[in-house]
Amino acid sequence: MSVRGGGGAVPSVPAGPPEERPSRNAWWSLAVVSLASVLIGLGGNALNVALPAVVRHFRASPLAANWMLLSFMLASTVLIVVFGRFADMFGRRAMYLAGLAAYTAASLLLGLAPTAWTLVALRVLQAAGGAMLLANSAAILTEVFPRPHLGRAMGVYTAGFSIAQLAGPTLGGFLVETYGWRWVFWYNVPVGAACLALGAAVLRPDRRAAGERGLDVPGNLLILAGLGGLLFGLSQANDRGWGSPVVLGGVLVFAVLLPVFARVERRARHPVVDLALFRDRPFALGLLASFLNATARVGAVVIMALFFQSVQGEDAVAAGLKVLPMSAVAVVASTGAGFLDRRVGARTMAAAATALTALGLLALLATVSADAGYAPIAGALMLLGAGSGAFLPANATALLDGLPARRLGIVNAMRLMVMNAGIVLSTGLSLSLVAAPVPAALRGAVFAGTLPRVAPDRVPLLVTGYRYALGGLAVLALLALAACLASRRAARDRDRRRPERSVVDAPGPGAAA
């Protein structure tokens with residue numbers, strides 16, 4: 001089922017049967033995908049700090065400024081499933097190297113962009129390269145690592161994103177202040193070129209899906225239109241309000257196209273998403289847990305970064321330092337989860353991590369106030385960071401382990417797609433709930449972090465909004481915990497019924513008999 005690279009065993013690998021030891025090539029593959037994960041994570045975070053400088057340089061309109069960030073998020077989300085399917089058809093190595101080349105080339109061209117809208121277009125190209133990488137990274141590791149070591153590899157890989165979250169804003173600010181905004185993109189070029197050279201040397205050719213070379217053009221177009229409409233609508237909720245025609249129109253497009261997509265996929269000879277996967281309860285529940293967990297934890301990260309400025313009057317630098325422990329703990333938890341996974345199981349680890357996330361949110365709900373001390377908030381943030389860091393590798397391992405090679409790309413892509421959709425929904429929902437009790441005329445001051453100065457008497461209303469948001473996110477985390485536990489129970493029931501095969505092990509449409 002797995003394709004494992006050759007080569008001698010790494011000396012640091014614990015003793016065990018030879019067939020259970022990761023090959024030297026497996027560790028080099030982990031180095032490639034981990035370095036690339038840091039690259040993508042930095043690319044998504046560094047521009048946030050550099051955006052004002054870019055806007056000033058181009059004298060960009062508010063619409064163009066918004067799309068400099070939005071275009072990357074939307075394009076990467078809607079293209080992940082498409083490229084996951086392509087990777088299953090044409091090979092993960094080829095798709096991964098193409099993604100590295102596209103991301104690196106786009107980064108070079110972004111620093112040369114002559115206009116604001118050219119920069120937006122190139123961000124789409126950069127996002128396409130990033131989607132090729134994200135759709136394949138975890139699948140590559142699943143193929144080359146034996147099961148006892150897969151959780152540890154996933155932990156190291158996902159820790160890369162936490163490291164990027166830590167370093168991205170600082171790096172972006174340093175580059176803008178020292179060398180100018182163009183280097184926010186150009187620093188990617190040497191790193192991307194090094195990744196490309198290393199990847200070409202160490203990534204082994206993988207097996208392609210026999211008999212599944214057809215393209216589901218209608219299905220791909222429906223994903224782009226339906227999911228793109230939904231994400232665009234949700235991304236506008238904070239600025240325009242949930243009752244805006246733009247927001248409602250995006251949701252309506254998705255609602256109308258979803259049953260059309262399901263009908264098309266059931267009849268497609270080579271569907272981009274095999275709906276039979278959802279008949280496997282552990283998989284379906286694990287995917288639901290991915291969505292709910294992302295929706296719960298990311299909203300908390302967004303609003304707590306704002307809390308120290310909008311409620312307690314801190315400046316941006318102090319606020320950034322106060323949320324730093326959460327990301328630092330996430331790095332440690334990501335790597336540590338892999339070792340625990342071997343002892344307790346991936347699904348048990350995912351449930352425990354989600355419980356930590358829920359506990360952190362409830363602790364924040366209990367302590368958040370205008371005069372709250374930093375220590376209890378920091379403790380709650382570290383609980384949240386531990387849960388977030390441990391959940392990602394555990395959930396990826398639970399969903400991908402045991403799948404046939406021909407399903408790895410599309411399943412990993414679906415996991416990332418629902419997580420990204422949860423992130424967009426969470427951001428819009430949590431920011432809207434936070435600002436809801438504040439008079440409309442003062443909501444701009446909330447997001448600018450100036451409310452304590454311009455209207456200190458309204459800060460208690462903002463605290464009420466924080467309690468609404470944190471309470472809602474805590475409920476979502478508890479629902480995610482229920483989904484994790486149900487997935488764990490369903491997997492145990494399925495394993496007891498073996499040797500009967502599950503849906504995900506059965507031949508898919510067009511597969512060789």
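**Exercise 1. Start from the side chain of S334: which backbone oxygen does it reach, and where does S334 sit?**

Step 1. The side chain of S334 comes within reach of the backbone oxygen of G389, at 3.0 Å. Keep in mind that this is a predicted model.

Step 2. Trace the chain around S334 and you will find that it belongs to helix α12, residues 316-344.

Step 3. Now decide on burial. The relative accessible area of S334 is 1%, and buried means under 20%, so S334 counts as buried.

**Exercise 2. Describe the second largest pocket: what is its volume, and which residues line it nearest the centre?**

Step 1. Its volume comes to about 640 Å³.

Step 2. The lining of the second largest pocket has 24 residues, and those nearest the centre are L227, F254, L258, M417 and V418.

Step 3. Next, assign the lining to elements. Two or more residues each come from α8 (217-235), α10 (245-267), α11 (281-310) and α15 (405-435). With six residues, α8 gives the most.

**Exercise 3. Find the second largest cavity and work out which residues line it.**

Step 1. Begin with the search of the whole structure, which finds two cavities of 30 Å³ or more. The second largest cavity has a volume of about 70 Å³.

Step 2. List its lining: P282, L285, G286, A289, R347, A350, N395, A398, L399, C484 and S487.

Step 3. Sort by element. At least two lining residues are supplied by each of α11, α13 (346-367), α14 (374-400) and α18 (459-496). The largest share, four residues, is that of α11.

Step 4. Sort by class: this lining holds seven nonpolar, three polar and one charged residues.

**Exercise 4. Which residues of the largest nonpolar core touch the most other members?**

Step 1. This core has 71 residues, and the ones touching the most other members are V81, F83, Y96, F145, M154, Y157 and M414. Helix α2 (residues 62-90) contributes its largest share, 13 residues.

Step 2. Zoom in on F145. Leaving aside residues up to four places away in sequence, F145 touches P22, A26, W27, L30, L150 and A153.

Step 3. Look for a further core. A second, separate one has 40 residues, among them A296, L431, L473 and A474.

**Exercise 5. Is W28 buried, partly exposed or exposed, and which residues does W28 touch?**

Step 1. Locate W28 in helix α1, residues 24-58.

Step 2. Check the accessibility of W28.

Step 3. Beyond residues up to four places away in sequence, W28 touches L198 and V202. The C-alpha atoms of W28 and A201 are separated by 9.5 Å, while the two residues are 173 residues apart along the chain.

**Exercise 6. Zoom out: how many helices and strands does the chain have, and what share of its residues is buried?**

Step 1. Count the elements: 18 helices and zero strands.

Step 2. Of the 513 residues, 56% count as buried.

Step 3. Consider contacts between residues at least 6 apart in sequence: 81% of them join residues at least 24 apart.

Conventions. Residues are numbered from 1 along each chain as its sequence is written. This is a predicted model: local features need pLDDT of at least 70, side-chain atom pairs count only at pLDDT 80 or more; totals for chains, interfaces and linings use all residues. Side-chain values use heavy atoms; hydrogens and water are left out. Buried means under 20% relative accessible area, exposed over 50%, partly exposed in between (1.4 Å probe, protein chains only). A polar contact is a pair of N or O atoms within 3.5 Å; within protein, one must be able to donate a hydrogen and the other to accept it, and residues adjacent in sequence count only if both atoms are side-chain atoms. On a 1 Å grid over the protein atoms alone, a cavity is a set of points where a 1.4 Å probe fits but cannot get out, and a pocket is an open set with protein on both sides within 12 Å along at least five of seven lines; lining residues have an atom within 4 Å of a point. Grid points are joined across faces, edges and corners, and a volume is the space filled by probe spheres set on the points. A nonpolar core is a set of buried Ala, Val, Leu, Ile, Met, Phe, Trp, Tyr and Cys residues joined through side-chain atoms within 4.5 Å. Contact means heavy atoms within 4.5 Å. Ala, Val, Leu, Ile, Met, Phe, Trp, Tyr, Cys and Pro count as nonpolar, Asp, Glu, Lys and Arg as charged, and the others, Gly among them, as polar.
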